[in-house]
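The sequence and structure come before the description.

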Amino acid sequence: MFLAADVARPERLERNGLVEPRSRFTYAVGRLVLYVPDGQSTDSPEAWLRVESFQHLAVANPAIAPYGAAAQQVLERWDLWDELQARVVKGESVGQAFQFVESGAAEAGFVALSQVIDKEASTYWIVPREIHQPLLQDAVLLRTGALNAAAGEFLEFLRSEEAQQVLASYGYELP
């Protein structure tokens, strides 16, 4: 099986005939947040980004990471993408962007809600879903795992109410 933070990669596998037919489904919808661990969140993160004196803003690489593409869309919507380029540090993934913030290498970052759900609510701001493309996360059963009962059972579990409740408790929206 393959679980992705986007739709594009599972679709590509499907187009290339590498997945079991009709196995692709959206198991969760991610949420993007602006995380500022040493500060207080604000009603206007756009204003915070414009006036706060920070040196580095972590984002996942928009060319390869869905959460990075969403962060770029947000910054472009706020007309800040070009202005902040000198301060943007790009991780290869949303996980690496989060590590940059946690380690202090960046004072703030656009990361996944699931990464900060256990942090003080005052340290992050959930980006409204209307200002970036949805972060749909798809799963597929690969042809190489078609005979693996555990893989099929796990994917069925992901569709269950129990699994959906677990995902929701980590900040994911349900499809």
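## Fold and local backbone

The protein has 8 helices and 8 strands, where helices (H or I, at least four residues) and strands (E, at least two) are DSSP runs numbered from the N terminus. The model is predicted, so local features need pLDDT of at least 70 and side-chain atom pairs count only at pLDDT 80 or more, while totals for chains, interfaces and linings use all residues. Residues are numbered from 1 along each chain as its sequence is written, and side-chain values use heavy atoms, with hydrogens and water left out.

The radius of gyration is 17 Å, which agrees with the value near 16 Å that a compact globule of 175 residues would have. This radius is taken over C-alpha atoms, and the globule rule is 2.2 Å times the number of residues to the power 0.38. Along the principal axes, the C-alpha atoms fill a box of roughly 55 × 30 × 30 Å. Buried residues make up 44% of the 175 residues; buried means under 20% relative accessible area, exposed over 50%, and partly exposed in between (1.4 Å probe, protein chains only). Of the contacts (heavy atoms within 4.5 Å) between residues at least 6 apart in sequence, 78% join residues at least 24 apart.

An open sheet of 5 strands has the order β5-β4-β6-β3-β7, with mixed pairing. Its edge strands, β5 (88-91) and β7 (124-126), each pair on one side only. Neighbouring strands of this sheet are turned by 30° against each other on average, direction ignored. Two strands pair if DSSP finds at least two bridges between them. Strands β4 (residues 57-60) and β6 (residues 108-112) run parallel and are joined by 2 bridges; Leu57 stands opposite Ala108 in β6.

Helix α5 (residues 94-103) lies across β3 (32-35), β4, β5 and β6, and runs at about 145° to β6. Axes are lines fitted to C-alpha atoms, for helices over the stretch in contact, and angles run from 0 to 180 degrees between N-to-C directions.

Most residues other than glycine have a negative phi.

Arg22 counts as exposed because its relative accessibility is 75%. Asp79, at 62% relative accessibility, also counts as exposed.
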